[in-house]
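I opened this entry to keep track of what I looked up, in the order I looked it up.

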Amino acid sequence: MSDRVTITSVRAILTQPAGSRLVVVRIDTSDAGLYGLGCATFTQRHLAVQTAIEEYLAPLLTGRPVENIDDLWHTCWVHSYWRNGPVLNNAISGVDMALWDILGKRAGLPVYQLLGGKCREGADVYRHADGGSPEEVEENVWRFLSEGYRHIRVQMGGYGGRAGELPKPDGAPAGNYYDPGAYARSVPILFAHLRQKIGFDVELLHDVHERLRPNDAVRLAKELEPYNLFFLEDPLSPEDLEWFQNLRQQCCTPIAMGELFNNPREWMPLVSGRLIDYLRMHISQMGGLTPARKVAAYAELHGVRTAWHGPGDVSPVGHACNLHLDLACHNFGVQEWPGFPDPLREVFPGCPEVRGGYMYANDQPGFGIDLDEELAAKYPCRNDIDHWTQTRWPDGTAVKP
Ligand code: MG
């Protein structure tokens with residue numbers, strides 16, 4: 001190759017067209033008009049990620065060739081010496097995905113082709129049905145079923161259930177309160193209702209969101225066994241990984257885990273020990289497509305499937321990256337998808353489409369998605385202090401959200 005294409009700028013673009021603050025990296029190149037986009041969304045610490053990208057990665061990368069993505073990933077990963085944290089992983093992910101997007105555009109191929117091509121034409125997605133009572137949740141499940149979805153995650157009163165009026169001690173601080181005992185008792189009641197009314201022909205999922213003490217989580221997984229869940233999500237915290245062995249020995253409810261993982265040391269023992277059934281890392285949080293595709297291959301060899309994290313605090317660029325992996329990985333399980341509100345679709349032309357419960361890629365080169373910067377600027381990020389992560393038990397103890 002005579003004229004090497006080099007990186008001319010690395011920028012963080014912050015926007016909030018829907019509920020979550022989004023961070024997207026745009027890399028421009030010496031080839032006029034050739035650029036790539038990557039997701040770096042850490043919605044609770046978006047300004048820290050912006051600083052990591054613009055003050056540290058941009059000066060490190062500007063002038064370097066755009067190829068040799070794996071080398072650039074490792075260069076960024078070790079450059080700070082201190083590594084595997086969420087801020088720096090997200091910053092690296094933005095760069096990494098943008099480089100894959102550029103590679104696809106140069107090759108004239110969608111990224112899933114660069115990963116080996118399609119194992120399937122569409123990715124099965126799951127939707128999230130909530131409600132204040134089993135009847136309300138049931139109503140929402142029927143609505144999703146009528147729209148063609150086959151996988152539905154069911155929650156009652158959000159994560160941790162509905163708190164209502166809790167007897168707090170005098171002087172308890174404000175916060176997002178819940179009662180773990182009341183929550184744990186409500187879930188089997190919800191599933192008994194849904195299986196009785198809807199039957200067993202729909203795949204139901206549930207997210208514990210690390211809201212229970214480990215032993216209570218094991219008991220819940222056992223109690224849910226008769227209801228044949230597709231999977232039980234995050235029953236334990238990353239801090240309690242040793243409990244997975246105990247959980248696995250006691251019941252066969254399928255387990256999904258990983259949206260909080262940053263470090264290979266967190267996912268490796270779960271996969272090699274066959275202690276979980278689905279890996280569901282937040283791909284930007286683990287450092288981007290480069291580490292994610294390696295983990296997917298590692299998981300395939302151990303009979304573990306993928307269910308990448310796909311909530312509203314993944315940008316549409318990140319959702320497109322999830323989808324390209326879903327299409328190309330044989331061991332794909334299911335894809336979380338929150339729906340794209342209209343303002344989000346307008347800011348990100350080329351969003352993946354969902355029809356009949358399947359998500360489809362648009363087959364354009366790279367990730368096939370763009371970002372209208374002028375429109376994005378009309379939705380500046382609101383730098384409020386988040387409320388929902390100020391989580392507390394009834395006596396006021398601050399706990400994991
Ligand atoms: Mg979750």
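**Entry 1: domain interface**

I counted polar contacts first: 21 residue pairs, both members at pLDDT 80 or more, are in polar contact across the interface of domain 1 and domain 2. The model is a predicted one. On the side of domain 1 that touches domain 2, I find that β2 (22-29), β3 (35-39), α2 (69-79), α3 (86-107) and α4 (111-114) each supply at least two residues. Helix α3 gives the most to that side, with eleven residues.

I then checked the bounds: the domain assignment puts domain 1 at 7-112 and domain 2 at 113-364. Their centres, taken over C-alpha atoms, are 26 Å apart. I noted 33 residues from domain 1 and 40 residues from domain 2 in the contact.

For the area, I have about 2800 Å² buried between domain 1 and domain 2, with carbon and sulfur atoms giving 65% of it. Met97, Trp100 and Tyr112 lose the most area on the domain 1 side, together 28% of what that side buries.

How many salt bridges does the rule find across the interface of domain 1 and domain 2? I get one. I also looked up Lys294 and Asp70, which form a salt bridge with the closest N and O atoms 2.9 Å apart.

**Entry 2: metal site**

I listed the donors of the magnesium ion: Asp207 (OD), Glu233 (OE) and Glu259 (OE), at 2.0 to 2.3 Å. Their spacing in sequence reads D-x25-E-x25-E. Glu233 sits in strand β8 (residues 231-233), while Glu259 is in the loop between β9 (255-257) and α9 (264-272), and the two are 26 residues apart.

Are these two glutamates buried or exposed? Glu233 has a relative accessible area of 0%, so I list Glu233 as buried. Glu259 is at 12% and is buried as well.

**Entry 3: Asn331 and Ala328**

I placed Asn331 in the loop between α11 (316-328) and β12 (335-336). Asn331 is buried, with a relative accessible area of 6%. A polar atom of the Asn331 side chain lies 3.0 Å from the backbone oxygen of Ala296. Leaving aside neighbours within four places in sequence, I find Asn331 in contact with Ala296, Ala299, Glu300, Val304, Arg305 and Thr306.

Ala328 is in helix α11 and counts as buried at 12% relative accessibility. Not counting residues up to four places away in sequence, Ala328 touches Tyr112, Leu115, Gly117 and Cys119. I also took the C-alpha to C-alpha distance from Ala328 to Ala123, which is 9.9 Å across 205 residues of sequence.

**Entry 4: salt bridges**

I count 24 salt bridges in the structure. One of them joins Arg11 and Glu373 at 2.9 Å, N to O. Arg11 is in strand β1 (residues 7-15) and Glu373 in helix α13 (residues 373-376), 362 residues apart. Both are partly exposed, Arg11 at 30% and Glu373 at 29%.

Asp28 and Arg26 meet at 2.8 Å, N to O. I have Asp28 as buried at 17% and Arg26 as buried at 16%.

Lys105 and Asp101 form a salt bridge at 3.5 Å between the closest N and O atoms. Both lie in helix α3, four residues apart, about one turn of the helix. Lys105 is partly exposed at 26%, whereas Asp101 is buried at 0%.

Note on methods. Residues numbered from 1 in each chain as written. Predicted model: local features only at pLDDT ≥ 70, side-chain atom pairs only at ≥ 80, totals over all residues. Heavy atoms only, no water. Donors = N, O, S within 2.8 Å, 3.2 Å for Na, K, Ca; no water. Buried < 20%, exposed > 50% of the residue type's maximum accessible area, 1.4 Å probe, protein only. Domains from an automatic or database assignment. Contact = heavy atoms within 4.5 Å. Buried area = accessible area lost by both parts, 1.4 Å probe. Salt bridge = Lys/Arg side-chain N within 4 Å of Asp/Glu carboxyl O. Polar contact = N/O pair within 3.5 Å; in protein donor to acceptor, adjacent residues only side chain to side chain.
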